[in-house]
Amino acid sequence: MNATILHESHGRIRIRLKQRRMTLEQADQLEAWLQSRNWAQQITVHERTCTVIAYYSGDRRAVLDDFRRFSWKEAEKNVNLPAHSSRALNREFEEKLVGKIMLKAACTLFLPPPLRIARILWHMVPFVRRGLRCLLRRRIKVDLLDALSISISACRGDFGTAGAVTFLLEVGELLEEWTRKKSMEDLARCMSLNIDRVWLRTEQGEVLVPVSQVQPGDAVIVRAGSVIPMDGIVLEGEATVNQASLTGESIPAIKRPNSTVYAGTVVEEGECVLEVKQASGQSRYDQIVHMIEQSEQMKSAAESKAAHLADKLVPYTFVGSLLSFALTRNVARALSVLMVDFSCALKLAMPLAVLSAMREAGKAHVTVKGGKFLEAVAAADTVVFDKTGTLTHACPRVWLSGGA
């Protein structure tokens with residue numbers, strides 16, 4: 001690799017690659033390849049500027065030698081890219097956010113007043129529709145509060161305020177969606193197998209193919225130290241498989257022909273050929289990951305209370321707005337009370353806190369199915385584990401007492 005050192009200090013080096021552009025996949029490949037080096041502590045790749053920031057320990061020469069030795073062909077063959085990469089998600093929402101801000105600025109500066117007002121009215125429609133829906137269902141919720149504040153501003157002819165509030169609400173929804181998807185992506189990445197290629201046995205011999213091309217009935221070869229990529233049945237060979245990730249069993253199970261193996265388990269010794277029974281995305285392990293991704297359906301009591309509390313605050317906001325108008329006879333001040341509302345933040349904070357806790361638990365190899373289970377653990381005073389491998393390593397020791 002041709003690169004230039006831009007800056008370095010003790011244990012940190014910043015390098016720019018001598019290439020014009022870098023794709024998102026190349027950035028993930030380079031980051032994963034560098035992170036696998038013995039000296040790597042933290043690696044950050046910026047695909048827009050083609051730069052790498054590396055924190056390392058040990059010899060500086062070893063770091064530079066690895067940078068010189070790197071090639072995209074080697075990385076493509078040897079690096080398993082994660083199934084869930086947040087880089088593409090971040091790029092998508094960054095472009096949406098920047099595009100929205102630039103479009104807002106351009107319309108404010110260059111559009112004539114009639115077109116600017118028409119644009120504001122068009123962007124108001126979704127919020128007013130939600131407010132009317134709440135009103136027809138006789139529910140006083142945050143959506144009604146937003147619709148009322150925007151509509152009153154527009155009816156007063158204050159389209160600048162209506163447009164500003166609408167723009168802030170749209171940006172808030174975009175950031176909320178971004179944060180939620182980012183948390184779910186991080187959680188799924190912690191749980192995923194991160195296997196993108198497998199050795200497939202064909203008439204021409206062993207072929208390394210993408211895991212997405214493997215179909216039920218294909219014969220896949222799995223060797224010692226490898227993770228079993230899919231559920232299947234052993235056709236040939238014999239291997240000891242560590243199934244602790246699924247069953248909690250501390251002792252590896254011996255798998256012979258006609259034995260069932262599951263995705264996510266690890267071959268510790270031996271080698272076997274298995275017939276795939278479930279394609280990628282349909283195995284037991286994938287079902288567990290999917291359940292974790294859909295864990296927002298299993299909300300804790302605290303999350304439900306936060307959502308109800310946010311809606312209960314809305315009537316008090318209306319009362320404060322009416323009281324402000326009655327005391328001051330100033331519509332602008334009454335509107336300011338409607339706009340200063342913290343219900344959305346309250347609704348967003350609790351689910352994100354739960355998702356972050358589940359993600360941190362996943363990094364510690366603890367699987368949490370949903371928010372209500374976290375809350376149950378907090379209230380528990382006794383926990384009973386039914387398998388040795390859950391907490392201990394199943395390594396018996398003999399203690400010799402004196403005089404025996």
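Predicted model: local features only at pLDDT ≥ 70, side-chain atom pairs only at ≥ 80, totals over all residues.

Student: What makes R133 "partly exposed"?
Tutor: Buried means under 20% relative accessible area and exposed over 50%, with partly exposed in between (1.4 Å probe, protein chains only). R133 has 38% relative accessibility, so it counts as partly exposed. You'll find R133 in helix 5, residues 113-136; helices here are DSSP runs of H or I with at least four residues, strands are runs of E with at least two, and both are numbered from the N terminus. The C-alpha atoms of R133 and D143 are 8.9 Å apart, and the two residues are ten apart along the chain.

Student: Why are helix 5 and helix 6 called oblique?
Tutor: Their axes cross at roughly 125° and come within 8 Å. Axes are lines fitted to C-alpha atoms, for helices over the stretch in contact, and angles run from 0 to 180 degrees between N-to-C directions. Under 35 degrees counts as roughly parallel, over 145 as roughly antiparallel, 65 to 115 as roughly perpendicular, and the rest as oblique. Helix 5 and helix 6 are therefore oblique to each other. Their crossing is left-handed.

Student: Which residues of helix 5 and helix 6 meet?
Tutor: M124, F127, V128, R130, G131, C134 and L135 of helix 5 meet D143, L144, A147, I150, S151 and A154 of helix 6, where contact means heavy atoms within 4.5 Å. By class, that gives nine nonpolar, two polar and two charged residues. Ala, Val, Leu, Ile, Met, Phe, Trp, Tyr, Cys and Pro count as nonpolar, Asp, Glu, Lys and Arg as charged, and the others, Gly among them, as polar.

Student: And how do you know how helix 6 and helix 11 are oriented to each other?
Tutor: Helix 6 (residues 142-155) and helix 11 (residues 331-339) pack at about 155°, with axes 9 Å apart. They are therefore roughly antiparallel. The crossing of helix 6 and helix 11 is left-handed too. On the helix 6 side the contact includes L145, L148 and I152, and on the helix 11 side V331, L335 and L338 are among the residues. The residues of this contact divide into seven nonpolar, two polar and no charged.

Student: What makes something a nonpolar core?
Tutor: It's a set of buried Ala, Val, Leu, Ile, Met, Phe, Trp, Tyr and Cys residues joined through side-chain atoms within 4.5 Å. The largest one here has 21 residues, and L30, L34, W39, I43 and V52 have the most contacts inside it. Helix 1 gives the most to this core, with four residues. L30 touches M1, L17, M22, V45, V52, F70 and W72, leaving aside residues up to four places away in sequence.

Student: Is N258 buried or exposed?
Tutor: N258 has a relative accessible area of 69%, so it is exposed. It sits in the loop between strand 9 (253-255) and strand 10 (260-261). Phi of N258 is near 80°, a positive value in a residue other than glycine.

Note on methods
Residues numbered from 1 in each chain as written. Heavy atoms only, no water. Left-handed = near helix turned anticlockwise from the far one by under 90°.
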